[in-house]
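Here is a short briefing for someone meeting this structure for the first time. Please look over the sequence and the model, then read the points below.

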Amino acid sequence: MPSHQVVIPVFDGIQPLDATGPHEVLMGATRLLDHLGSEKAGYRVSLVAESPGTVTSDSGMRMCPDGPLPETGEIGTLLVPGGGGSRVMTSDHPLVEWLRRAAPRAERVVSVCTGAFALAAAGLLDGLSATTHWRYAPTLAAKYPAVDVRPDPIYLQQGRIWTAAGVTAGVDLALALVEADHGAEIAQYVARELVVFLRRPGGQSQFAGPVWSPPARQPSVRAAQDLIHSDPAADLRVPVLAARVGMSERHFSREFTRALGRSPGDYVEQVRVDAAKRLLESEPVLVTVAAARAGFGTAETMRRAFLRRIGVAPDQYRRHFATTAPIDGRT
């Protein structure tokens, strides 16, 4: 059985790990299948580029493609990496034009990180849900309104189109491709060799930075923002905030939502989640203490907010990101 051909176009401004991460996963699976004497062939991965010679990545690493962009022949998986170079590609960029021609010849079309910008520029994501790096999701959504941008998933599949979140999420996606092609046992073995999860718990929002909204132009709403950020543990119910800024509850809720695009309650909960995340990362406090100091009141209320916002419970979040040990090892 012939190998499954994987074509990865590279370009100046690429994020190297978007290409090398999936490359390691797929070739690791290939080596394992060969070792097991499997009847199913593995992968043949090729780096291709618009022009001969090396390309220079965002970080300065130089990559040498195996050949030019193929204009004929079937493609198993077309995998588009991200990086600064992909985020500025327009619909008439030569690589984007090639993607339009090549995509119909591919069994699967995949983007990693901001490679989704190139797929979107080619019109390949129109009418589909897609993900990208959490930092660039709002930009992708604004630039390509025909795409339903989901900022939290590690990866998404829409038929033959797969998109992955930022950078190392390309490894998660490549493992999912191996699992789809060769089963969970092969994918799990490769994951163990790379010392990563086969299925990472939670979404990428657990890695995102704190919520930040520009100060509202309305002085009253801006004053409410200041109150929320200065003391997340305070009484921040709508009646209290409205009274503090001299507005009726109904008018305050309407103006706050209009100014910031989210309700006061939603904004307060996100700020409290961010405050609790910082506590769990940097201080050896009990979850109950973190909940109280962040304004949640109870650990259960905080747990529900964490699951809703970032897809993992507080104790699990701390295990992944804490720089200090919890008191007596307890949660």
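**The strand 10 and strand 11 pair**

Strand 10 and strand 11 pair in the antiparallel sense, with four bridges between them. They form a hairpin that leaves two residues between the strands, and Gly159 in the turn has a positive phi of about 65°. The model described here is predicted.

**Overall make-up**

- The protein has 14 helices and eleven strands.
- Along the principal axes, its C-alpha atoms fill a box of roughly 70 × 50 × 35 Å.
- Of the 331 residues in the protein, 49% are buried.
- Taking contacts between residues at least 6 apart in sequence, 63% join residues at least 24 apart.

- Seven strands make an open sheet with mixed pairing, in the order 5-2-1-6-7-11-10.
- Strand 5 (67-68) and strand 10 (155-158) are the edge strands, and each pairs on one side only.
- Strand 1 (residues 4-9) and strand 6 (residues 75-80) run parallel and are joined by two bridges.
- Across this pair, Val6 stands opposite Thr77 in strand 6.
- Helix 1 (residues 16-36) packs on the sheet and touches strand 1, strand 2 (43-49) and strand 6. The direction of helix 1 makes about 155° with that of strand 2.
- Helix 3 (residues 94-102) also packs on the sheet, where it touches strand 1, strand 6 and strand 7. The direction of helix 3 makes about 155° with that of strand 6.

**Strand 11 and its partners**

- Strand 7 and strand 11 run parallel, joined by three bridges.
- Val109 has Ile161 in strand 11 as its bridge partner.
- Gln158 stands opposite Ile161 in strand 11.
- Within strand 11 (residues 161-164), Ile161 and Thr163 point one way, while Trp162 and Ala164 point the other way. All four of these residues are buried.

**Nonpolar cores**

- The largest nonpolar core holds 69 residues, and those touching the most other members are Ile8, Val10, Leu78, Trp98, Leu99, Leu125 and Val178.
- Helix 6 (residues 169-182) gives the largest share of this core, eight residues.
- Another core lies apart from it, with 17 residues that include Leu279, Phe296, Ile310 and Tyr317.
- Not counting residues up to four places away in sequence, Trp98 touches Val7, Pro9, Leu69, Pro70, Glu71, Leu78 and Arg105.
- In soluble globular proteins, nonpolar side chains tend to be buried together.

**Helix 8 against helix 10**

- Helix 8 (residues 219-230) and helix 10 (residues 249-260) pack with their axes 10 Å apart, at an angle of about 85°. Helix 8 is therefore roughly perpendicular to helix 10.
- On the helix 8 side, the contact uses Val221, Ala224, Gln225 and Ile228. These meet Phe252, Glu255, Phe256, Ala259 and Leu260 in helix 10.
- By type, the residues of this contact between helix 8 and helix 10 are seven nonpolar, one polar and one charged.

**Thr114**

- Thr114 sits in the loop between strand 7 (106-111) and helix 4 (115-121).
- Is Thr114 buried or exposed? Its relative accessibility is 0%, so Thr114 counts as buried.
- Leaving aside neighbours within four places in sequence, Thr114 is in contact with Gly82, Gly83, Ser86, Arg87, Thr132, His133 and Tyr136.
- From C-alpha to C-alpha, Thr114 and Glu281 are 27 Å apart in space, and they are 167 residues apart in sequence.

Conventions:
Residues are numbered from 1 along each chain as its sequence is written. This is a predicted model: local features need pLDDT of at least 70, side-chain atom pairs count only at pLDDT 80 or more; totals for chains, interfaces and linings use all residues. Side-chain values use heavy atoms; hydrogens and water are left out. Buried means under 20% relative accessible area, exposed over 50%, partly exposed in between (1.4 Å probe, protein chains only). Contact means heavy atoms within 4.5 Å. A nonpolar core is a set of buried Ala, Val, Leu, Ile, Met, Phe, Trp, Tyr and Cys residues joined through side-chain atoms within 4.5 Å. Axes are lines fitted to C-alpha atoms, for helices over the stretch in contact, and angles run from 0 to 180 degrees between N-to-C directions. Angles under 35 degrees count as roughly parallel, over 145 as roughly antiparallel, 65 to 115 as roughly perpendicular and the rest as oblique. Ala, Val, Leu, Ile, Met, Phe, Trp, Tyr, Cys and Pro count as nonpolar, Asp, Glu, Lys and Arg as charged, and the others, Gly among them, as polar. Two strands pair if DSSP finds at least two bridges between them.
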